[in-house]
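Open the structure in your viewer and follow the stops below. Each stop gives a selection and what to look for.

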Amino acid sequence: MTGQKQQTKRPLRADSERTVRTILEAAEQVLAANPAASMEQIARAAGVARTTVHRRFATRDALLDELTGWAARQFAEAVDTARPDAAPPLVALYQVTANVLRVKTDWSFAMNRTADDTHPEAARIHAEVRSTCARVFRRAQEAGVLRPDIDLDWTRRVYYALIHEAAKEGAGGGDTDVLATRVVDTLLRGTGGPAGLAGA
């Protein structure tokens, strides 16, 4: 019996998949505004009956787990779409930044929920994205986009912090393309002027 329970889920029909996506999108919007929102509130926002939500997700925790997995998969797709291992490093860095900001803005509740690593799939995806980011930064350093003496681990952490702040602004209505440009510009140029460097 245990083996049967662990079998891979059968693919959903197109109409079922649309229903699930509608529920997940509604859940993201409702829970971002009120993390304690009920299944009934999510169903109302999705425009479906509460029984429909319960038919797809037996419990609220099951819905949250699927929402977390869905957002993580969107995150991975956003990074892959930027062709991080093939595009020129500067192009890849900008495109990854813009794509990730869109996901973090559209799925802010679910993306923040993945930070505690309690969801195995999300934890795996985030680890893979960190590895991809490290490769992009190494390529950028080799291409002269980043200084040869820069600490890449520190640079990556600064980049993540910039992404985090930009995502908060994006959730407030900021333009993700503008924010992506700002993140990359701040990462590569910093905030100091010539006088500051001369004074050092």
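A salt bridge here is a side-chain nitrogen of Lys or Arg within 4 Å of a carboxyl oxygen of Asp or Glu. This is a predicted model, where local features need pLDDT of at least 70, side-chain atom pairs count only at pLDDT 80 or more, and totals for chains, interfaces and linings use all residues. Residues are numbered from 1 along each chain as its sequence is written, and side-chain values use heavy atoms, with hydrogens and water left out.

Select Arg-182 and Glu-169. Their side chains form a salt bridge, 3.2 Å from N to O. The pair links distant parts of the chain: Arg-182 sits in helix α10 (residues 176-189) and Glu-169 in helix α9, 13 residues apart. Helices are DSSP runs of H or I, at least four residues, numbered from the N terminus. Arg-182 is partly exposed at 42% relative accessible area (buried is under 20%, exposed over 50%, partly exposed in between, with a 1.4 Å probe and protein chains only). Glu-169 is partly exposed too, at 40%.

Stay in α9. Select Lys-168 and Glu-165, which meet in a salt bridge at 3.4 Å, N to O. They lie 3 residues apart, about one turn of the helix.

Next, select Arg-156 and Asp-153. Their salt bridge spans 2.6 Å, N to O. Which of the two counts as buried? Arg-156 does, at 19% relative accessibility, whereas Asp-153 is partly exposed at 37%.

Last stop: Arg-83, in the loop between α5 (60-81) and α6 (89-106). Check its backbone: phi is positive, about 50°, although Arg-83 is not a glycine. Most residues other than glycine have a negative phi.

Methods. Helix = DSSP H or I, 4+ residues; strand = E, 2+ residues; numbered from the N terminus.
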